[in-house]
Amino acid sequence: MKSKLILALLLAAGANSAFADRIDDIKKDGVLRVAAFDSNPPFGFLDAQTRQINGLDVDVARHIASKLGVKLELVPTNPANRIPLLVSGKADLIAANFTVTPDRAKQVDFSLPYFASGQQFIARKGSLQKPDQLAGLRVGADKGTTQEITLRDKYPATKVVSYDDTPLAFAALRNGNVNAITQDGSKLAALLANAPDKDKFEIAPFTLTREYQAIGLPKGEARLQKLVNDVLLSLEKNGEAQKIYDRWFGPSTKAPLPRDFKIGDKV
Amino acid sequence: MHSEVITANLDYLLLGSWPQGQLGGMALTLLMGLAAAALASVLGIAAGVGLVMGRPAWRRLLGVACGTLRAIPVVMLIFWCYFLLPVLFGVDVPGTLTVIAALALIGGAFLAQTVQAGIDAAPAGQWQAGLALGFTRWQVLRWLILPPALRMMLPSFVNQWVSLLKDTSLAYVVGVAELTFVAAQVNNREQVYPLEVFAFIALCYLLLCSLLAWAGRRLGRSPQQA
């Protein structure tokens with residue numbers, strides 16, 4: 001609610017005119033500021049050893065920064081404040097498991113998608129088998145995510161409880177505050193793999209939507225958008241995209257997930 | 001209890017990613033709290049004196065400004081300054097400074113009322129005595145009224161300082177890596193030790209606030225007692 005109000009104000013103030021051709025500013029400053037999650041493994045999280053933010057999104061951002069020839073600066077973000085960070089000019093890009101939607105496209109531009117997933121649920125074993133059962137359940141979602149919006153729009157009989165991020169929602173599920181939580185299947189798999197009491201829970205065997213994640217850019221930055229797209233396509237071409245994917249979702253990871261989307265695929 | 005989660009992350013919780021990266025954690029909380037408390041005290045004394053000594057028009061203006069600031073939730077003021085100022089005026093204020101400024105403004109608005117009430121509480125006879133001795137109004141305020149009044153106000157000041165120190169945890173909305181924020185990061189990675197992590201954080205705040213209250217009490221001792 002709060003962030004929506006701010007966004008409306010930001011947009012009303014004509015946020016975009018002040019920062020034309022960001023790519024020159026980035027090169028002049030020698031720093032690319034990227035909004036990345038700090039609490040959502042494996043996309044962006046605080047690495048236990050290095051005490052720096054690391055993850056799949058960060059790997060992608062690193063390649064964009066090195067293509068620009070500048071230093072990468074990560075701005076910790078959460079689902080609710082990533083668009084305000086970009087629109088107010090506090091970050092140059094969003095690389096935070098950012099799903100492409102028509103609504104968001106009114107406020108920001110998107111690169112080509114570099115990841116695909118679908119909306120799924122974690123619930124106690126056997127308690128949630130098909131979408132009809134969502135009616136009447138209390139379901140935890142991350143504030144400001146597409147999953148929260150989909151639930152509220154399409155499943156009015158479901159009681160949606162919003163949390164700051166996924167681990168918090170999962171804690172609520174463990175404590176019995178909600179009956180299920182929802183997020184991208186990929187993120188849920190990683191979350192469940194790390195949980196000590198994972199035997200009690202499972203990922204419900206259905207997927208509500210197909211969603212694509214991309215880099216978020218400020219509106220009207222055509223040169224920056226082209227550069228980001230070129231980097232993404234070249235990552236796929238030289239096999240680096242597969243390497244990044246395998247590092248976080250490959251067979252040797254805690255939550256292996258087959259790769260069913262390549263950068264440049266038709267969406 | 002699993003204390004390993006605390007010991008393994010102790011340096012991060014206390015100092016953030018410093019010295020490789022920016023200072024954070026408990027150290028940043030303390031610095032932000034002290035800076036906000038100092039600024040709020042200066043603002044509060046200035047505004048409180050203004051509310052007593054200023055011309056009627058100024059007093060009304062100050063009253064409205066303080067009333068407005070007191071009515072805005074701190075978290076909203078931080079959010080607005082951080083995300084709106086760059087767009088409206090093209091000024092890019094770093095998160096840490098935004099938080100300090102927002103806390104100082106609101107803390108100052110609260111303290112202004114304390115200061116005004118403290119000065120008003122001085123008996124009229126003191127003013128008359130001072131004026132009769134040939135002091136100006138400002139001299140009476142500076143030499144006769146304020147020294148004992150400020151000492152009387154000190155407990156209210158300490159209250160406000162402690163409250164400001166705890167309010168630094170609201171910096172999480174703009175991604176400033178203070179104590180609560182880094183604790184949430186650690187907690188979200190480890191996932192299974194919320195009790196340990198947040199109990200430790202509570203202890204840290206207790207320690208910081210107790211230190212501040214102790215320092216405040218020492219400040220209030222009269223020279224003979226010290």
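Predicted model: local features only at pLDDT ≥ 70, side-chain atom pairs only at ≥ 80, totals over all residues.
Residues 197-215 of chain B come out as 100% helix and 0% strand, with 27 Å between the end C-alpha atoms. Both spans turn up in the UniProt record, an unreviewed entry, under "transmembrane region". That record also puts the label on residues 23-49 and 97-119 of chain B.

## Where chain B meets chain A

Now for the meeting of the two chains. Chain B brings 20 residues into contact with 29 residues of chain A. On the chain B side, the elements giving two or more residues are α4 (74-89) and α8 (179-190). Of the elements on that side, α4(B) gives the most, with six residues.

What sort of residues does chain B put on the side that touches chain A? They split into 12 nonpolar, six polar and two charged.

## The two domains of chain A

Chain A is divided in two: domain 1 is made of 2-117 + 212-249, and domain 2 covers 119-203. Their C-alpha centres lie 26 Å apart.

The contact between these domains of chain A takes 14 residues from domain 1 and 15 residues from domain 2. On the domain 1 side of that contact in chain A, you'll find six nonpolar and eight polar residues, and no charged ones.

Technical notes
Residues numbered from 1 in each chain as written. Chains lettered and ligands numbered in written order. UniProt positions renumbered as here; feature names shortened; annotations may be inferred. Helix = DSSP H or I, 4+ residues; strand = E, 2+ residues; numbered from the N terminus. Contact = placed C-beta atoms within 7 Å. Nonpolar A, V, L, I, M, F, W, Y, C, P; charged D, E, K, R; others polar. Domains from an automatic or database assignment.
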